[in-house]
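Work through the exercises below with the sequence and the model side by side. Each task is followed by a worked solution.

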Amino acid sequence: MTVNPSGPDSLFFDAEWRRDPGYPNLEAGFPVEVDRATACMAAPALCELDGDPQSEIVFGSADGKLYALNRNGSLRWSVPLGSPVLSSPALARRGAGKALDVYVTAAGGVLYLLRGHDGAKLAGFGVGAGV
């Protein structure tokens, strides 16, 4: 992932370690430009949210939202969490055969549990400010 501190931010998902001809190998729809208010503040999660064989990208932002992008860079969902999301999202299944859920903390001190395929808030737990 690349963030440009001097202008509009861009998210690049690329094999940066590859230096041979033909790289960067950017997927269609990338890079995705985001403004400074939507800057990605921590490492994104690459995961399978909707049951197809292609991964989605989930990341928190300085604007207090959690975003999920489809493989082509289009917005799948965004959810306002009320304060900047400075942590990387974690994904897990709450039971055998269940779809992935997203766990993330916001700077306001809440740990959120969201349904992965649509971003619906399932729960929020106070864990203290500054997480």
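**Exercise 1. In what order do the elements of the chain run from the N terminus on?**

Solution. The model is a predicted one: local features need pLDDT of at least 70, side-chain atom pairs count only at pLDDT 80 or more, and totals for chains, interfaces and linings use all residues. Residues are numbered from 1 along each chain as its sequence is written, and side-chain values use heavy atoms, with hydrogens and water left out.

Step 1. The elements run β-β-β-β-β-β-β-β-β-β.
Step 2. Counted by type, the chain has 0 helices and 10 strands. Helices (H or I, at least four residues) and strands (E, at least two) are DSSP runs, numbered from the N terminus.

**Exercise 2. Describe the strand partners of β8 and its surroundings.**

Solution. Step 1. Two strands pair if DSSP finds at least two bridges between them. Strand β7 (residues 90–93) pairs with β8 in the antiparallel sense over 4 bridges, and R93 has L100 in β8 as its bridge partner.
Step 1. β7 and β8 form a hairpin with 6 residues between them, and G97 in its turn has a positive phi of about 80°.
Step 2. β8 also pairs with strand β9 (residues 110–115), in the antiparallel sense over 6 bridges. Here the bridge partner of Y103 is L113 in β9.
Step 3. The hairpin of β8 and β9 has 3 residues between the strands, and G109 in the turn has a positive phi of about 95°.
Step 4. Because 6 of the 7 residues of β8 (residues 100–106) are buried, this strand is largely enclosed by the rest of the structure. Buried means under 20% relative accessible area, exposed over 50%, partly exposed in between (1.4 Å probe, protein chains only).

**Exercise 3. Find the largest nonpolar core and the elements that supply it.**

Solution. Step 1. A nonpolar core is a set of buried Ala, Val, Leu, Ile, Met, Phe, Trp, Tyr and Cys residues joined through side-chain atoms within 4.5 Å. The largest one has 15 residues, and V58, L66, W77 and L81 have the most contacts inside it.
Step 1. β5 (65–69), β6, β8 and β9 each give two or more residues to this core. The largest share, 4 residues, comes from β8.
Step 2. Another core, of 6 residues, lies apart from it; V32, F59, Y67 and L69 are among its members.

**Exercise 4. Is G116 buried or exposed, and which residues is it in contact with?**

Solution. Step 1. G116 lies in the loop between β9 and β10 (121–126).
Step 1. G116 counts as buried because its relative accessibility is 0%.
Step 2. Leaving aside neighbours within four places in sequence, G116 is in contact with L49, W77, L100, D101 and V102.
Step 3. The C-alpha atoms of G116 and E48 are separated by 8.7 Å, although these residues are 68 residues apart along the chain.

Key:
Contact = heavy atoms within 4.5 Å.
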